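Okay, thanks for making time, everyone. Let me put the thing up on the screen and then walk you through a few spots.

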Amino acid sequence: MSRRSYRTGDQTLVRSMNLSTVLRCIWDDRPLSRTTIAAHTGLNKTTVSSLVTDLEQRGLIHEVGQRESSGGRPARLLDLNADAGVMIGVEIGVDFCRAVLTDFLAAVLWREHCETSPLAGQDDIIQTVLTMIGDAVEHAAGSRILGIGVTLRGLVDTSRGVSVFFPNQWRNVPVRQIISEHFDYPVAVDNDANAAALGERLFGAAGTVDDFIYVVVGMGIGAGICINGQIYRGAGGYAGEVGHTKLLHSNSRPCHCGQRGCWETLANQYALVERVQAALAANHPSLLAGANPLTVERIGEAADAGDPVACQALAETGAFVGIGIANLVNTFNPKLVVVGGAMYNVMSYLLPAIRQQVDECSSSELSQMVSIEPSVHGRDACAIGAVALITQDILHDPTSVPRYKNAVRIPEERG
Ligand SMILES: [Zn+2]
């Protein structure tokens, strides 16, 4: 390789890094003037102007007005461009798939939810996902599609986009490759809790919080652990499988992971339904008597009507969610724990019990420091997290988004 080509590559990398820096700077503290961006990043004003022009030509930012400055001309302000393009986020759950189409700032433009059978084969689920992505592309109606994010429960190899272990007996499914064979857009794949944590960081409750944990509660329990502003992934990339930490001895009920005594067997939606079934079997009077199927939604509706069986089962389940979260609080000392997932519709019943257990089971210094909040994205949290995977890639390398064809090419100056 010649020295000349080596230098060119290096400059391209530096420019890409500086574009990323300017875009992140605007993301963190928008709207900003060019002068403020220069002050925040340490880049000189000429370089900032060139980088801003580049980001404008890619459609990622735009001018939104002026701010009076002390002396001289009013400063023109730059903000993210919500219409930079649209993004598709897909959550593959154990018994459902959910897709959203959003703008660049994750405002949901369209959503689709599809129940699936936990017994459905891998091919059926993948076909459902491909159909939903096709629907999303149709609803994009010609808007520029920036990418497709996909989240799954279980172990995900993000670098290869492979579902290593999914509760429905999937092993080593090359999700990114399969989707890329059907759709010509960037595809990112991650574990649902990690993605939801990223979604909360970029678009939700944790925007300014560096140390927080996102706990997904549904068929299983998983956590996205954010430390110093970064998702903690562990040695193999599989950190956060907190649902399989043990709360009980080895004689207790089996978990789908093959072990016994796992936290999620006490606190997931099956556990909630089983508590209601046990009360009904003991002839406790309830609006849920004869309900078939007995779903989380129905239990929530019964609780809304003051049903004592539903309320008791929710309080007990919330307490077990809370005990596990207290363990996380004791371990990581987070400032915030966000709780979301498929049990979102009964979260208002779970949260008081969760907060009580965190107060009782974690050290007072830690429990006073932490707040426990529901996800601001509700049922869309993991799908928005999937979208955030695309956003994260664009923030990391804005050159992955091409310039609009009519953009004037600007000189590739240094920096
Ligand atoms: Zn387990």
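So, is L43 buried or exposed? L43 is buried, because 20 other C-beta atoms lie within 10 Å. For the cut-offs: buried means 20 or more other C-beta atoms within 10 Å of a residue's own, exposed means 12 or fewer, partly exposed is in between, and the C-beta atoms are placed from the backbone. L43 sits in the loop between α2 (34–41) and α3 (45–57). Helices here are DSSP runs of H or I with at least four residues, strands are E runs of at least two, and both are numbered from the N terminus. From L43 to P74, 31 residues apart along the chain, the C-alpha distance is 21 Å.

Quick housekeeping. Bear in mind that this is a predicted model: local features need pLDDT of at least 70, side-chain atom pairs count only at pLDDT 80 or more, and totals for chains, interfaces and linings use all residues. Residues are numbered from 1 along each chain as its sequence is written.

Now the overall layout. The chain is assigned domain 1 (3–80), domain 2 (84–198 + 381–396) and domain 3 (208–375), with bounds from an automatic or database domain assignment. Taken over C-alpha atoms, the centres of domain 1 and domain 3 are 43 Å apart.

Next, V276, in helix α8 (residues 269–281). V276 counts as buried because it has 25 C-beta neighbours inside 10 Å. Skipping neighbours within four places in sequence, V276 has contacts including L288, I299 and A310, where contact means C-beta atoms, placed from the backbone, within 7 Å.

I299 takes us to a helix pair. I299, A302 and A303 in α9 meet A310, C311, A313 and L314 in α10. By class, that's seven nonpolar residues, no polar and no charged; nonpolar is Ala, Val, Leu, Ile, Met, Phe, Trp, Tyr, Cys and Pro, charged is Asp, Glu, Lys and Arg, and the others, Gly among them, are polar.

Last, the core. The largest nonpolar core has 119 residues, and V22, I299, I325 and V337 are among those with the most contacts inside it. A core here is a set of buried Ala, Val, Leu, Ile, Met, Phe, Trp, Tyr and Cys residues joined through C-beta atoms within 7 Å. α10 gives the most to this core, with 11 residues. As for V337, its contacts beyond four places in sequence include F212, V215, I325 and I372.

Methods:
Contact = placed C-beta atoms within 7 Å.
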